[in-house]
Amino acid sequence: MTREVPVGVADELAPGQRKLVFVDGRSIVLFNIDGQMHAVDNSCPHNGASLASGPLEGCMLRCPAHGLRFDVRSGCMPGAGGLKLTTFPVRTVEGKLLLSVMGTPASSQA
Ligand code: FES
């Protein structure tokens with residue numbers, strides 16, 4: 001089941017800014033790329049490093065651990081193939097940022 005979780009307000013991040021949020025025990029990084037919001041899992045698919053502080057060049061996020069680069073819009077590495085970040089749909093509704101995640105709320109999984 002997919003559900004939407006509020007993670008902030010629409011205008012809190014300027015282009016190029018980011019924000020770390022926690023949803024159901026999962027760490028997710030929101031990015032404003034040229035006015036569009038994108039969300040990726042805060043875990044590098046190479047070896048699990050946190051990506052939240054990685055340098056951002058345009059839409060390309062560099063993992064601070066070993067330097068692999070990912071497009072935060074698609075989660076893909078440059079070129080064909082390679083590792084892929086987990087991405088999450090995020091949209092703005094009535095001034096709120098809503099993140100789409102799979103599953104039921106953590107509190108009801110006990
Ligand atoms: S953990 Fe990210 S590049 Fe190795």
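Hi everyone, here is a short tour of this structure, from its overall build down to a few single residues.

A word on the ground rules. Residues are numbered from 1 along each chain as its sequence is written. What you see is a predicted model, in which local features need pLDDT of at least 70, side-chain atom pairs count only at pLDDT 80 or more, and totals for chains, interfaces and linings use all residues.

Let's begin with the whole protein. How many helices and strands does the protein have? It has zero helices and 10 strands; here helices (H or I, at least four residues) and strands (E, at least two) are DSSP runs, numbered from the N terminus. Along the sequence, that reads β-β-β-β-β-β-β-β-β-β. The radius of gyration is 14 Å, close to the 13 Å that the globule rule gives for 110 residues, so the protein is as compact as a globular protein of that length. That radius is taken over C-alpha atoms, and the globule rule is 2.2 Å times the number of residues to the power 0.38. The C-alpha trace spans about 35 × 35 × 25 Å along its principal axes.

The UniProt record, an unreviewed entry, places the feature "domain: Rieske" at residues 4-99. UniProt positions are given in the numbering used here, feature names are shortened, and annotations may be inferred rather than shown by experiment. The end C-alpha atoms of that span lie 5 Å apart, and the span is 0% helix and 46% strand.

Now to the strands themselves. Two strands pair if DSSP finds at least two bridges between them. Strand β2 (residues 18-23) runs antiparallel to strand β3 (residues 26-33), with six bridges joining them. Within this pair, L20 stands opposite V29 in β3. The hairpin of β2 and β3 has two residues between the strands, and D24 takes a positive phi near 55° there. G25 is also found in the loop between β2 and β3.

On we go to the next partner: β3 pairs with strand β4 (residues 36-41), again antiparallel and over six bridges. Here N32 stands opposite M37 in β4. This hairpin, too, has two residues between its strands, and D34 takes a positive phi near 55°.

There is also an open sheet of three strands, in the order β5-β6-β7, with antiparallel pairing. Its edge strands are β5 (56-57) and β7 (69-71), each pairing on one side only. Three bridges link strand β6 (residues 60-62) to β7, and R62 has R69 in β7 as its bridge partner.

So what sits inside? The largest nonpolar core has 21 residues, and V29, L30, A39, V90 and L99 touch the most other members. A nonpolar core is a set of buried Ala, Val, Leu, Ile, Met, Phe, Trp, Tyr and Cys residues joined through C-beta atoms within 7 Å. β3, β4 and β10 (96-102) are the elements that give two or more residues to this core, and β3 gives the most, with five.

Leaving aside neighbours within four places in sequence, L30 is in contact (C-beta atoms, placed from the backbone, within 7 Å) with V7, L13, R18, K19, V21, M37, A39 and V90.

Last, is G25 buried or exposed? G25 is exposed, with 7 other C-beta atoms within 10 Å. A residue is buried if 20 or more other C-beta atoms lie within 10 Å of its own, exposed if 12 or fewer, and partly exposed in between, with C-beta atoms placed from the backbone. Of the 110 residues, 22% count as buried.

Conventions: Contact = placed C-beta atoms within 7 Å.
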